[in-house]
Amino acid sequence: MALSRLDAVQVTTRRPEDGRARAEAIARLDAAALDRLAPTHANEALARIPGAWASRGSGQEQLLALRSPVLTGPGACGAFLVLDDGVPIRPAGFCNVNQLSELNLAQAAGVEVLRGPGSAVHGSNALHGVVAVQPRLPGDGGGARVEFGSDDYRRALLSLDGGARLRLDANLVDAGSFRTDEGYRQQQANLQWQPSSDGDTRLAFAAHRLRQETAGFAFGEGAWRDARRFGNANPEAFREADSARLVLHHVRAAGDGEWLLRPYARDESQRFLQHFNLGQPLEENGSRSLGVQAMWSNESLRLGLDVEGVEGELRQTQARALTTGTAAQNAQRPAGTHYDYAIDARQVAFFGEKQWRFDRDAITVGARLENLRYRHDNRAANGNLRDDGTPCGFGGCLYLRPADRRDAFTARSAQLGWMRRLDGGWSVGARAARAFRFPQATELYRLQRGQSVEGIGVETADSLESVLRFNGPALRAEAVAYAMRKRDVLLRDAAGLSVPGAATRHRGVELAGTWTPDDATWLEGQLAWSDQRYAFDRLLPGGETIRRGARIDTAPEWLGGVRVGRRLGARLEAELEGVWQGAYAIDAANTRRYGGHVLWHARLGVELTPAWRANLRLMNLADRRYAERVDFAFGEERSFPGAGRSVFVGVERRFE
């Protein structure tokens, strides 16, 4: 099975938990599914999760959507919490827009996706959902695989397993593209060591390196369907990203429960050209952080403390004067330094969760109190003047640098969940939750004219959802209905300007099921309908008009997928997959639309010997011309074209 709801999940509580007793909407891709899928991008994995969309950009770039539109802007990634081996890959106020690229999905033991507000253990950033990757552990077995594909794609994967003590997973990719001057080289590694075979203590190290030649948008109406799709209007664009994480997992018995301690250290840095913004400024950022997760738990109670400290910095510079925009745009975006600041941040959170289990019912109550403090050190001139101290024309420079300051935010989240087990394999439940996200450092201190730090607050979401599940010997199915409202939203408009104080509402239905009539056949799929609308009226600074009740742009009403697979004898396995993305508006005024698309993929695996296996993947079988994403910005339609028919061939050797 490629998609399953397992009896044990970890994303909700940091420890394995009976998922049948919880009302959260959680889907999981297991190791067998990931091996068959062999994802080259997070988009391919999340296409199997109800209501999820990892919008593919250039190379390994992506924007995430979970029960949401594709959220843009430097801090929009703060609406999603991304965990690797139980620890957030970034500090609470320092999210990475392309954060999924840091995850070694191809060699993971599993990927769990929680849709909707997180639980008490999650806190800031778990506003729309959580993506949690779990690594394969020492003793899970080793192997090696090489792959070759269309457009000069090459990948080598190596897993060395030292039994119960030591494990290394390495993932090396060198990829070209169907577009001009586009490609990337990516290296990922996971190293784990257990000093004893009981697994109570484990030291885990993860590293990621990306060197990418980026292709910008294809500009113009319908550019994704004609010859413009092969071009690259921004051959000078690039992205360089490095990250490393060291985590110590330790479990110790205490009374009738146990302590879970996770001290960790992180380091990351990025350099990239903002090809998507007028003037194409260069951004350089980085952070170093230390933290610890501490939780005591037994069968019904969890109490925890999270503490984290961060040092970060950001610098944005524009090499040349802008000449390609309007007179106002050219004047407001001068060459020189736009931002140059350092940030110290401190985060402290307390949480608790209690669960009562009865004969047929389970009730869960959880709450979290969290505080985040920033200390901002502006290393450039205050205000929004040019480098030489002169003002910009047309009302002043776009980029506004606040003076040195300190800011603190406190927020609370809570949830109440109920599940009831019925006869015949059925169960029903409901959940009410409030979640929040703190403003990201880039939203507070990389301001635009007309903004102030005081105008940016904590974004909150209130959610209600109900769930109906069936768990039988051959069929597993789930239906979820939800309604959510967000307040104090910070939006990015079509002119690239940030709009604070917005409100949106989201409602939808998600269906998922897996049918395995015998040991050799599987049929599975998911379908999500959503209605996502603005809940405020405003004339935006860039000239757009948002009307209450209008659909949010880049929010497909329908997302779905279906997969049918069959094992043919003892050696051959085949799967056919269809992915459906519905139509969506590409501007806030709802005057332009993208019509959606359907893609078909096929995968074939052959057991050559007990140790050797060959794999074939055919992506976009019908050679459909489609867009990964279309939007409207700076007065023009722009898109990321999707790749045509692609072929990938691999050979795998399994080690004893």
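## Disulfides

The link of Cys 77 and Cys 95 is right-handed, with 65 degrees about the S-S bond, and in this predicted model the S to S distance of that disulfide is 1.9 Å. Because Cys 77 sits in the loop between S5 and S6, while Cys 95 sits in the loop between strand S7 (87-88) and S8, the pair ties together parts that are 18 residues apart in sequence. Both Cys 77 and Cys 95 are buried.

The structure holds two disulfides, and another one joins Cys 392 to Cys 397, with an S to S distance of 1.8 Å. The torsion about the S-S bond of Cys 392 and Cys 397 is about 80 degrees, so this disulfide is right-handed. Cys 392 is buried at a relative accessible area of 8%, and Cys 397 is buried at 2%. When the bonded cysteines of the protein chain are numbered in sequence order, the pairing reads 1-2, 3-4.

## Nonpolar cores

The largest nonpolar core has 31 residues, and Leu 46, Leu 100 and Val 111 have the most contacts inside it. Among the elements that give two or more residues to this core are helix H1 (31-37), helix H2 (42-46), strand S5 (62-66) and strand S8 (108-115). Leaving aside neighbours within four places in sequence, Leu 100 is in contact with residues including Ala 42, Leu 46, Leu 64, Val 82 and Val 131.

A second, separate core of 24 residues includes Leu 444, Leu 447, Val 453 and Ile 456.

## An antiparallel sheet

Three strands, in the order S15-S39-S38, form an open sheet with antiparallel pairing; its edge strands, S15 (218-219) and S38 (627-633), each pair on one side only. Six bridges join S38 to strand S39 (residues 636-641), and the bridge partner of Phe 632 in S39 is Glu 637.

Terms used:
Residues are numbered from 1 along each chain as its sequence is written. This is a predicted model: local features need pLDDT of at least 70, side-chain atom pairs count only at pLDDT 80 or more; totals for chains, interfaces and linings use all residues. Side-chain values use heavy atoms; hydrogens and water are left out. Two strands pair if DSSP finds at least two bridges between them. Helices (H or I, at least four residues) and strands (E, at least two) are DSSP runs, numbered from the N terminus. A nonpolar core is a set of buried Ala, Val, Leu, Ile, Met, Phe, Trp, Tyr and Cys residues joined through side-chain atoms within 4.5 Å. Buried means under 20% relative accessible area, exposed over 50%, partly exposed in between (1.4 Å probe, protein chains only). Contact means heavy atoms within 4.5 Å. A disulfide is a pair of cysteine sulfur atoms within 2.5 Å.
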